[in-house]
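This briefing is for a reader who is meeting the structure for the first time. Please look over the sequence and the model before reading on.

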Amino acid sequence: MTTNSTTDGQANQLRKNSLGVAAVTFLVVSAAAPLTAVAGGVPLSMLLGNGAGIPATFILVTVLLLLFAVGYVAMSRHVRNAGAFYAYTTRGLGGVAGGAAAIIAIVSYNCMQIGVFGLFGAATSGLLAGWGINLPWWVWCYVGIALVAVLGYRRVDISAKVLTVLVVLEYLVVLILDFAIIGQGGDSGLSLAPFTPAQFFQGSPAIGILFCFAAFIGFEATTIYSEEAKEPVRTVPRATYISVLLIGVFYMFTSWLMANGAGVDKLVGEIGGLADPTTFLFTLSDRYVGGWLTQLMSILFVTSLFAGVTAFHNGVARYMYVAGREGLLPAGVGVTHRQFQSPHVASVIQTIIAVAVITLFAVTGQDPVLNLFSWLTNVGTLGIIVLMAATSFAVVAFFSRNAGLEPNALKAWILPVVSGLAFLVVIFQIVINFGNLSGASGFLGWFLPSIVLIAAIVGAILAVGLKSRSNAAFEALGSARY
């Protein structure tokens with residue numbers, strides 16, 4: 001079939017040398033959707049978590065993710081594979097664990113993308129209703145899915161260029177508000193109290209930490225693009241560290257100014273008094289800048305969500321492509337487009353899944369934010385942190401067997417063990433607090449987080465099945481692609 005080949009005669013490969021450091025960075029930062037996190041996640045983390053202590057919480061989470069990144073990028077120099085978490089887990093912990101990681105990744109990133117589509121549909125419907133265009137939320141979901149499908153089917157560098165523009169605009173509008181708050185001295189003078197232990201430990205720090213982790217989801221996708229990056233040995237590590245620092249410093253700085261904008265002592269009460277806590281950033285914009293910025297921010301909130309779903313779509317498509325290419329899924333999934341060298345079959349499958357799930361939630365009358373967005377993104381967050389924990393321990397196992405590849409013990413096992421244990425604590429906290437985080441109760445309160453476990457079991461079964469069919473293919477799972 002012609003779909004299995006590329007224009008340069010190389011069979012079934014992603015487009016090499018198409019992404020530099022900036023392109024990879026913006027692809028993954030857009031998945032973290034900075035404006036979405038600041039407008040939606042930060043106010044909720046303050047209300048349900050530890051209030052004005054969120055800026056300090058972001059520092060803690062940033063440091064932990066930097067520790068994780070040390071081992072992560074050390075392994076990326078030796079295992080270059082678009083399967084990322086799956087590939088690392090496989091090369092470190094074996095094929096069965098790798099199969100589990102592959103399906104967890106596919107399910108988790110699907111949940112993130114489709115869940116964010118729910119918020120995208122609701123936000124777009126609300127924005128355009130103010131302009132006299134009244135259509136249900138699911139209509140805008142379908143429009144968004146169609147646009148993302150086109151970008152996902154074509155060359156990845158086109159997606160990168162679109163996302164770069166959107167992400168830069170997101171940062172600019174929030175920074176305008178940030179510096180307006182600084183210029184006016186906040187509510188009652190700028191205070192460093194949000195960085196004190198007293199503020200950090202107020203309320204529920206555990207829930208605050210979980211929200212802060214969720215705000216970073218997407219940064220880890222740098223290695224997904226390793227087969228398409230220019231000079232991946234340098235590009236992937238640089239993009240990873242830049243992404244963590246860029247996202248972390250931005251969130252810390254902005255959340256600190258949001259707390260000061262309302263007043264550290266008034267913050268939780270003001271957010272709690274709003275009919276919708278996610279309007280908090282916009283009320284600050286009205287107060288410190290004016291309606292013009294609020295309107296622009298409302299538009300960019302929608303484009304931020306679009307950037308996020310586009311980035312997650314690219315990630316899911318590559319995980320599915322790799323799983324097909326390496327035999328865990330049907331071989332027809334693991335092919336690239338003749339012209340674009342994109343994982344087009346996986347992209348189409350992902351589009352069909354998104355349409356099906358959106359339709360299910362629309363037909364059953366579920367709320368796009370309280371149900372679709374909240375339920376699925378929390379499942380996705382749990383799954384991705386499980387993958388981070390598995391990867392941390394896989395790094396230790398990989399370098400223990402290949403000691404000559406990384407003589408630095410700090411990179412090879414000390415920091416990966418520390419980050420892995422920390423992720424296990426976070427996983428435990430998510431599971432026991434899942435109802436409070438997602439709003440799910442009863443049967444859904446335990447079934448939704450168990451989806452990650454079900455995905456792991458399915459993946460392990462697929463890996464065992466592959467081994468029974470072809471031990472050579474099983475042994476080659478997660479191999480580096482150069």
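The protein has 19 helices and zero strands; helices (H or I, at least four residues) and strands (E, at least two) are DSSP runs, numbered from the N terminus. Of its 482 residues, 58% count as buried, where buried means under 20% relative accessible area, exposed over 50%, and partly exposed in between (1.4 Å probe, protein chains only). This is a predicted model, in which local features need pLDDT of at least 70 and side-chain atom pairs count only at pLDDT 80 or more, while totals for chains, interfaces and linings use all residues. Residues are numbered from 1 along each chain as its sequence is written, and side-chain values use heavy atoms, with hydrogens and water left out.

**Contacts across the chain**

- Among contacts between residues at least 6 apart in sequence, 83% join residues at least 24 apart; contact means heavy atoms within 4.5 Å.

**Packing of α3 and α16**

- Two packed helices are described by the angle between their axes and the distance between the axes.
- Helix α3 and helix α16 (residues 409–432) have axes 8 Å apart and pack at an angle of about 135°. Axes are lines fitted to C-alpha atoms, for helices over the stretch in contact, and angles run from 0 to 180 degrees between N-to-C directions.
- That angle makes α3 oblique to α16. Angles under 35 degrees count as roughly parallel, over 145 as roughly antiparallel, 65 to 115 as roughly perpendicular and the rest as oblique.
- The α3 and α16 crossing is left-handed; a crossing has this hand if the near helix is turned anticlockwise from the far one by less than a right angle, and is right-handed if clockwise.
- On the α3 side, the residues that meet α16 include Leu64, Phe68 and Ala74. On the α16 side, Lys411, Leu415 and Phe423 are among them.
- By class, this contact of α3 with α16 has eleven nonpolar, two polar and one charged residues. Ala, Val, Leu, Ile, Met, Phe, Trp, Tyr, Cys and Pro count as nonpolar, Asp, Glu, Lys and Arg as charged, and the others, Gly among them, as polar.

**Packing of α15 and α18**

- The axes of α15 and helix α18 (residues 443–469) cross at roughly 40° and come within 8 Å.
- α15 and α18 are therefore oblique to each other, and their crossing is right-handed.
- Trp375, Val379, Leu382, Gly383 and Val386 of α15 make the contact with Leu444, Leu448, Pro449, Ile451 and Val452 of α18.
- Sorted by class, the contact of α15 with α18 has nine nonpolar, one polar and no charged residues.

**Aromatic pairs**

- Rings of Phe, Tyr and Trp (its six-membered ring) pair if their centres lie within 6.5 Å; planes under 30 degrees apart count as stacked, over 60 as edge-to-face and the rest as tilted.
- By this rule there are 24 aromatic pairs.
- The rings of Phe58 and Phe216 have centres 6.3 Å apart and planes at 55°, so this pair is tilted.
- Phe58 lies in helix α3 (residues 54–76) and Phe216 in helix α9 (residues 205–216), so the pair ties together parts that are 158 residues apart in sequence.
- Phe58 counts as buried at 1% relative accessibility, and Phe216 is buried with a relative accessible area of 1%.
- Phe117 and Phe120 form an edge-to-face pair, 6.1 Å centre to centre with 80° between the planes.
- Both Phe117 and Phe120 lie in helix α5 (residues 95–129), three residues apart, about one turn of the helix.
- Phe117 is buried at a relative accessible area of 1%, and Phe120 counts as buried at 6% relative accessibility.
- Ring pairs also link Phe68, Tyr72, Phe85, Tyr88, Phe213 and Phe423 into a cluster.

- Ala394 lies in helix α15 (residues 368–401) and counts as buried at 0% relative accessibility.
- Not counting residues up to four places away in sequence, Ala394 touches Met75, Tyr88, Thr89, Gly92 and Leu93.
- The C-alpha atoms of Ala394 and Gly98 are separated by 9.8 Å, with the two residues 296 apart along the chain.
- Thr381 is also found in helix α15 and is buried, with a relative accessible area of 5%.
- Leaving aside neighbours within four places in sequence, Thr381 is in contact with Met112, Ala214, Ile217 and Ile430.
- Trp413, in helix α16, is partly exposed, with a relative accessible area of 46%.
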